[in-house]
Amino acid sequence: MGMMRWTAPSRERPRSITIIGSTGSVGQSTADLVDRTPESYDVEALVAGNSVEALAEQARRLRARLAVVANPQRYRALKEALAGTTTEAAAGPEAVVEAASRPADWVMAAVVGFAGLESTLVAARRGAMVALANKEALVCAGRLLMDAVEQSGGVLLPVDSEHNAIFQVFEPGQRDAVDRLVLTASGGPFRDWSLAEMATATPEQALAHPNWDMGAKISIDSATMMNKGLEFIEANLLFGLPPEQIEIVVHRQSVIHSMVAYRDGSVLAQLGTPDMRVPISHALGWPARIDGPAARLDFASLSPLTFERPDSSRFPSLRLAREALALGGFAPIVLNAANEVAVAAFLARRIGFLDIARIVEDVLTATTGLAGPVESLQQVHAADREARRRAGEAVKGHSLTN
């Protein structure tokens with residue numbers, strides 16, 4: 001961790017920042033935090049997928065130098081929405097990568113899904129502080145990303161509440177003294193549902209998360225517990241601990257965000273209200289701590305905190321993620337791609353809820369040659385494309401309209 005290079009954001013030394021995925025849930029929370037002390041930040045670029053109106057509003061409010069919409073067909077709308085401002089407008093995938101390559105000290109990588117991969121790598125390669133809220137970047141190109149950060153002297157700041165919690169209580173010099181990492185899971189909206197009930201679950205029911213307000217893709221992943229499977233793979237990469245030293249426990253209240261158990265019997269936990277602005281604040285101010293607006297925990301009025309083992313028979317995604325990590329190589333890419341396709345098909349009401357994990361398993365089982373080393377982004381893209389094609393076929397096989 002090149003701590004000497006990084007100074008805290010302040011009025012005297014504003015931190016220059018870029019938000020990739022600025023109109024999504026994490027991006028909006030990041031913009032909200034920046035807006036509270038605008039004199040401490042200098043906004044280099046904001047990047048959105050399609051939401052021109054929200055992007056233009058953010059760009060005006062945060063006085064961004066550049067605003068990029070990934071969809072090239074939205075360029076004119078963005079240009080018009082920014083008329084009369086000093087913000088430059090750009091559009092298309094190349095412009096997204098260019099935004100990531102601009103000289104911001106700190107880059108929030110919050111694009112959902114595989115789409116956020118290239119820009120995250122570009123920011124990492126130039127030695128930025130990369131605040132990572134995109135699970136798929138690590139799952140699909142973890143080794144490439146970790147190597148890029150190491151070679152450039154940058155730093156990776158995990159923003160997922162679970163990995164951020166571990167990052168806060170993981171003593172870098174004490175890796176050998178770590179007994180295990182404990183990832184906590186809320187269990188999602190179906191934690192008490194039977195398999196028969198889950199078989200008939202609708203997208204609306206799956207999107208109704210009991211504790212967190214999140215985007216559609218991650219909400220469905222929470223309902224299948226695939227998000228915890230992806231986080232399991234990420235934890236292995238981020239903290240360098242073998243799979244057998246990473247445990248998942250269901251903690252319904254989402255107050256403890258994850259824990260690190262040490263060999264002397266100590267367990268360090270990070271606690272907070274379930275508000276993404278807590279881990280984002282930590283990353284935004286690192287290596288210092290900044291004021292955050294999240295509600296404070298009131299211990300006297302907290303409900304009891306409970307813990308239980310996850311049920312892998314009802315949530316097979318956990319087993320599939322463990323298998324993908326054990327296989328290594330291209331298996332996590334295939335797991336992720338098949339899951340993205342299956343989740344989209346479920347949200348479009350083409351398949352049932354339980355079909356999501358079935359499709360992922362079908363594609364993982366049918367794909368050969370998974371174990372080789374992943375050495376380039378081109379290989380990642382090729383494996384992703386092929387897995388999506390296979391998943392598309394599998395969706396047809398499980399289609400509700402058959």
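**Exercise 1. Classify Trp193 in this predicted model as buried, partly exposed or exposed.**

Solution. Start with the relative accessibility of Trp193, which is 23%. Next, recall the cut-offs: buried means under 20%, exposed means over 50%, and partly exposed is in between. Trp193 therefore counts as partly exposed.

**Exercise 2. Find out how many aromatic pairs the structure holds, then describe the one formed by Phe170 and Phe239.**

Solution. Begin with the total: there are 5 aromatic pairs. For Phe170 and Phe239, the centre-to-centre distance is 5.3 Å and the angle between the planes is 35 degrees, a tilted arrangement. Now place the two partners on the chain. Phe170 sits in the loop between α7 (161-169) and β8 (178-185), while Phe239 belongs to helix α11 (residues 226-239).

**Exercise 3. Work out which geometry the rings of Phe190 and Trp193 adopt, and which cluster they belong to.**

Solution. The ring centres of Phe190 and Trp193 are 4.3 Å apart, and their planes stand at 45 degrees. Planes under 30 degrees apart would count as stacked and those over 60 as edge-to-face, so the Phe190 and Trp193 pair is tilted. Phe190 is buried, at 0% relative accessible area, whereas Trp193 is partly exposed. To finish, follow the ring pairs onward: they join Phe190, Trp193, Phe346 and Phe353 into a cluster.

**Exercise 4. Describe the surroundings of Gln58: which helix holds it, and what does its side chain meet?**

Solution. First, locate Gln58 in helix α2 (residues 52-62). Its relative accessible area of 3% is under 20%, so Gln58 is buried. Then look at the side chain: one of its polar atoms lies 2.6 Å from the backbone oxygen of Ser22. Setting aside residues up to four places away in sequence, Gln58 touches Ser22, Thr23, Gly27, Gln28, Ala31, Leu46 and Arg63.

Conventions:
Residues are numbered from 1 along each chain as its sequence is written. This is a predicted model: local features need pLDDT of at least 70, side-chain atom pairs count only at pLDDT 80 or more; totals for chains, interfaces and linings use all residues. Side-chain values use heavy atoms; hydrogens and water are left out. Helices (H or I, at least four residues) and strands (E, at least two) are DSSP runs, numbered from the N terminus. Buried means under 20% relative accessible area, exposed over 50%, partly exposed in between (1.4 Å probe, protein chains only). A polar contact is a pair of N or O atoms within 3.5 Å; within protein, one must be able to donate a hydrogen and the other to accept it, and residues adjacent in sequence count only if both atoms are side-chain atoms. Contact means heavy atoms within 4.5 Å. Rings of Phe, Tyr and Trp (its six-membered ring) pair if their centres lie within 6.5 Å; planes under 30 degrees apart count as stacked, over 60 as edge-to-face and the rest as tilted.
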